[in-house]
Amino acid sequence: MWLRLPGFASLGLGQVHRAAPHRQRLQLLQALLPAPSRKLSAGMEEEAKKKAGYMAVDNHVQNNQVLGIGSGSTIVYAVDRIAKRVRDENLKVVCVPTSFQARQLILQHELPLSDLDRYPEIDVAIDGADEVDCDLNLIKGGGGCLTQEKIVAGCAKKFIVVADYRKDSQSLGEKWKRGVPIEVIPMAYVPVAKAITAKYAGAVELRMAVSKAGPVVTDNGNFILDWKFSNISDWKNVNVGIKMIPGVVETGLFIGMAEQVYFGRQDGSVSCRGRRSD
């Protein structure tokens, strides 16, 4: 069954497939694979995440640092490693979370929790990404935490990204097909969607919740639009242009922010890509 959202019909934006969200479609595809193949694939992905997270922490986390802690499945391994090093090496660190999930991870690992009020300058922020292009431009926000993630990353002297091999692309949109997340004020989601498609084409959908009726609501009480784009290359100007639309809180485009990205590979290795010098 397709659900047509009020106000979207005139924009050609509003059909959201409620019966088969992304996660359910992924589970269906995985179910078609032989059980050993599914387990092997999932095991490689988790091992790749773990190795990327561990290497990033070992290379960048030091004593007496303020750390920005990102969100997502790869960050779980990074926090595990931070906690182990704190125990083994008696490191003194303070952790600033980017989301409720990150906050819970910090508390579960009994790490010192703080905020930007007390620590507005962060030494190193470590976060994941949904996709990384050859210039270290990122798409983030698949989990809905893009605004707080970008605030913390922007306060950091170093912004380090950890990801597995599936997130590595030559250009944005090559592998991540769910679009650029855009956090918007709830009353503005229809005019914002109309403005984006009028200026940049593509299609915009209001992200709907899976286990509740209605749209996804961010930690900030806002909605998320997912913009499925095509033929975009000038990401810096596109990011600025979207942010200038009234009602837009933040975009999931992290342009020129990451200093290094660690990719866990299928063969068990980790590769590191640094920012290109101008």
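Which side chain does a polar contact of 2.8 Å join to that of arginine 166? The partner is aspartate 164, again through its side chain. The model is a predicted one. Its chain has 278 residues, of which 49% count as buried, and its secondary structure comes to 7 helices and 15 strands.

**Chain overview**

- The accessible surface of the chain is about 13800 Å², and carbon and sulfur atoms account for 53% of that area.
- Taking contacts between residues at least 6 apart in sequence, 73% link residues at least 24 apart.

**The six-stranded sheet**

- An open sheet is built from 6 strands in the order E4-E3-E5-E8-E14-E15, with mixed pairing.
- Its edge strands are E4 (93-97) and E15 (270-274), each of which pairs on one side only.
- From one strand to the next, the twist averages 20°.
- Helix H3 (residues 73-89) packs on this sheet and touches E3 (65-69), E4, E5 (122-127) and E8; the direction of H3 makes about 155° with that of E3.
- Helix H4 (residues 100-108) lies across E3 and E4, and runs at about 155° to E4.
- E3 and E4 are parallel and pair over 5 bridges; within this pair, valine 66 stands opposite valine 94 of E4.
- Strand E14 (residues 260-264) and E15 run antiparallel and are joined by 5 bridges; glycine 264 has valine 270 in E15 as its bridge partner.

**Strand E3**

- Of the 5 residues in E3, 5 are buried, and the strand is mostly covered.
- The cover extends to both faces: Gln65, Leu67 and Ile69 are buried on one side, and Val66 and Gly68 are buried on the other.

**The three-stranded sheet**

- Another open sheet has 3 strands in the order E6-E7-E13, and its pairing is antiparallel.
- E6 (131-132) and E13 (253-254) are the edge strands, each pairing on one side only.
- Between E6 and E7 (residues 138-139) there are 2 bridges in the antiparallel sense; valine 132 has leucine 138 in E7 as its bridge partner.

**Nonpolar cores**

- In soluble globular proteins, nonpolar side chains tend to be buried together.
- The largest nonpolar core has 26 residues, and the members that touch the most others are Ile182, Leu225, Trp227 and Trp235.
- Two or more residues of this core come from each of strand E9 (180-184), helix H6 (189-200), strand E10 (203-206), strand E11 (223-228) and helix H7 (235-243).
- H6 gives the largest share of the core, with 5 residues.

**Arginine 166**

- Arginine 166 is found in the loop between E8 and E9.
- Arginine 166 counts as partly exposed because its relative accessibility is 33%, between the 20% and 50% cut-offs.
- Leaving aside residues up to four places away in sequence, arginine 166 touches Glu45, Lys49 and Lys175.
- The side chains of arginine 166 and glutamate 45 are joined by a polar contact of 3.5 Å.
- Arginine 166 and tryptophan 176 are 10 residues apart along the chain, and their C-alpha atoms are separated by 9.0 Å.

**Aspartate 168**

- Aspartate 168 is found in the loop between E8 and E9.
- Aspartate 168 is buried because its relative accessible area is 13%, under the 20% cut-off.
- Its side chain makes a polar contact of 2.6 Å with the side chain of arginine 273.
- Not counting residues up to four places away in sequence, aspartate 168 touches Val132, Lys175, Phe263, Arg265 and Arg273.

**Arginine 178**

- Arginine 178 is found in the loop between E8 (156-164) and E9.
- At a relative accessible area of 29%, arginine 178 is partly exposed.
- Arginine 178 lies 7.8 Å from tryptophan 227, C-alpha to C-alpha, with the two residues 49 apart in sequence.
- Tryptophan 227 is one of the residues that touch the most other members of the largest nonpolar core.

Methods:
Residues are numbered from 1 along each chain as its sequence is written. This is a predicted model: local features need pLDDT of at least 70, side-chain atom pairs count only at pLDDT 80 or more; totals for chains, interfaces and linings use all residues. Side-chain values use heavy atoms; hydrogens and water are left out. A nonpolar core is a set of buried Ala, Val, Leu, Ile, Met, Phe, Trp, Tyr and Cys residues joined through side-chain atoms within 4.5 Å. Buried means under 20% relative accessible area, exposed over 50%, partly exposed in between (1.4 Å probe, protein chains only). Helices (H or I, at least four residues) and strands (E, at least two) are DSSP runs, numbered from the N terminus. Two strands pair if DSSP finds at least two bridges between them. A polar contact is a pair of N or O atoms within 3.5 Å; within protein, one must be able to donate a hydrogen and the other to accept it, and residues adjacent in sequence count only if both atoms are side-chain atoms. Contact means heavy atoms within 4.5 Å. Axes are lines fitted to C-alpha atoms, for helices over the stretch in contact, and angles run from 0 to 180 degrees between N-to-C directions. Accessible areas come from the Shrake-Rupley method with a 1.4 Å probe; for residues, only the protein chains shown count as cover.
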